[in-house]
Amino acid sequence: MMPPVNNRFRSALDLSGVWQIAFDPEAEGDAKGWANGIDKGLSFAIAVPGSWNEQLAEAGFMNYVGDAWYETRFFVPELSAGRSHSLYFGSADYVADVWVNGQHIGSSGAAMLPFDLSLDGIVTPGEEAVLVVRVNASLDPDGPTQGITQETYQEQKRPRDEYLPAVRFDFFPFGGLNRPIYLTSKSASAIRDYTAISDMAGVTFSVEAEGGAAALVRLIGGGETVEQQQELVDGCASFELAPAAPKLWSPDSPFLYRLEIILIDAAGAAIDQISQKIGLREFRVEGTSLLLNGEPIILKGFGKHEESPLHGRGLNLPQLVKDFHLLKWIGANSVRTSHYPYSEEFLDLADEFGILVVDEVFSINLDFRHVNDSTLANHKAAISELIARDKNRTCVVAWSLSNEPGYLAEPEYREKSAPYWKEIFAHARALDPTRPMTHANVGYAGNDDPAFAESDIVGMNRYHGWYSEPAQLDRAVVRLKADFDAVAVHGKPIVLFEFGADAMAGQHASYDQMFTEEYQQRFIEAYWAEIQAHPAVAGGHVWNFADFRTAQHGRRVVHNLKGVFTRTREPKMAAWGLRKLWGAE
Ligand code: BDP
């Protein structure tokens, strides 16, 4: 799916602003006719994009995950008469239905990904339209991240496991319209999709269009313009664009070309255009190494989250820009989008700043006691939608297809997961044969995790010295090295996608004590030494870049404090330590 574009041929009107929201805990909105307009007697003002939780905490909705109905009005410009209109949602957390002028125009697809709904025949240029969106922040029990309800803990006699809100993961389930929404317009004859695969020599490119006779493609940059025009056959054409003196993209020098795709009609006139920035780079696996542009690279970076005070998971551009400066300041070269696809604005900045992205599908802690055919189908659909959105991104160098499946050490994981992973990885590889695939293994799933056989990169998360061997780094590193040795049998590069310790900013001790800034720093340094020493380990991502909010339960102080920056981005001691370790000082 292509992001919204503003140019000569297309317009994208940002509908961000203050909307109205009404909560519907009993799911009666449908029967009450809220699709035509929500009950203003019950509604609150709400900023979009932005999660409802912290905005409306005082009104009682901090932990709300049920139906919530949004309403706004938008104007369809008269100028756009005769054009094709749609509404583009960056995401809706986690499921949504959309009505315009009382008509149901469609639903969201995979959670945390965009969806685009046609308005043709629904809106009239020159007139205002009423937009109603019903969002629900609970997850399908058969999704790639399985949902859970508040009742489950009691039914399963696990009251001590109860989280508020009920989730099966370690971050807060912020609900709402968390990314921008656009009213888009384009001509009926338009570029439908394109695939741009870059390497060190240039770009292999293919385009699909609705209407038009030919496509003109230009790669502009480094003092050169490479241009090709071809007739469309069945709406498609393919190109090879190779500059004479290619300038490469890398973390040290994130040079971006401009790629222009112009659709041309039979009379030779331009009728549509899309442009994107693209870097020339090659990322691949060779033996136990990762190579960027032919040179071995060690991944240094973080698992992150998209979240901030007040905004919740709502897009917070100032913080996002700051985060990229902090990534550079600390000497990081990569990020995993733990544990879901991040915004397109995040990817724009990663391209720009030269940050390699391991792009993760929203699949967390899959419990194989409850995995069924629907789980597999939904997981595959989420991968298809992720790859469709991000396939043209220079920064995306690998796909992560799941985080910590088999997390409960359930015996079913061994029995059922090998064929499951075979299908999942084959599905992803068929959609993108160019990027390596990985997942993030949890210790409980074992060093013989069936997913390793399918992966190109052996990804793992380890917390020796935290959840086990508390405050005993000498024992922790022995176990870590044993894990590395055990998974090295695959002969593939190993990346430690998570390791870290909680530190309460301002807490100190002169000996190893959990939750202090010193222990967090010593923990990270001890792990980094093992990462550097092991010949098969090709990188490490500290968990986490910054502190983040979790659901409420007795094992968290409402925040996970494993950030090397606080939630408001002040560095802890470990951040200064990493800056030295990673050679940025
Ligand atoms: C891992 C999870 C991550 C958690 C982290 C932790 O992948 O989401 O936040 O552990 O416990 O198991 O801090």
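Colleague: What separates the centres of domain 1 and domain 2?
Modeller: 34 Å, taken over C-alpha atoms. The model is predicted: local features need pLDDT of at least 70, side-chain atom pairs count only at pLDDT 80 or more, and totals for chains, interfaces and linings use all residues. Residues are numbered from 1 along each chain as its sequence is written, and side-chain values use heavy atoms, with hydrogens and water left out.

Colleague: Where do the domain bounds come from?
Modeller: From an automatic or database domain assignment. Domain 1 is 11-137 + 173-186, domain 2 is 190-278, and domain 3 is 304-330 + 464-585.

Colleague: Why is the pair of phenylalanine 499 and tyrosine 527 called stacked?
Modeller: Rings of Phe, Tyr and Trp (its six-membered ring) pair if their centres lie within 6.5 Å; planes under 30 degrees apart count as stacked, over 60 as edge-to-face and the rest as tilted. Here the centres are 5.2 Å apart and the planes at 0°, so the pair is stacked. The structure holds 41 aromatic pairs.

Colleague: Why does phenylalanine 499 count as buried?
Modeller: Buried means under 20% relative accessible area, exposed over 50%, partly exposed in between (1.4 Å probe, protein chains only). Phenylalanine 499 has 0% relative accessibility, so the residue counts as buried. Tyrosine 527 is also at 0%, hence buried.
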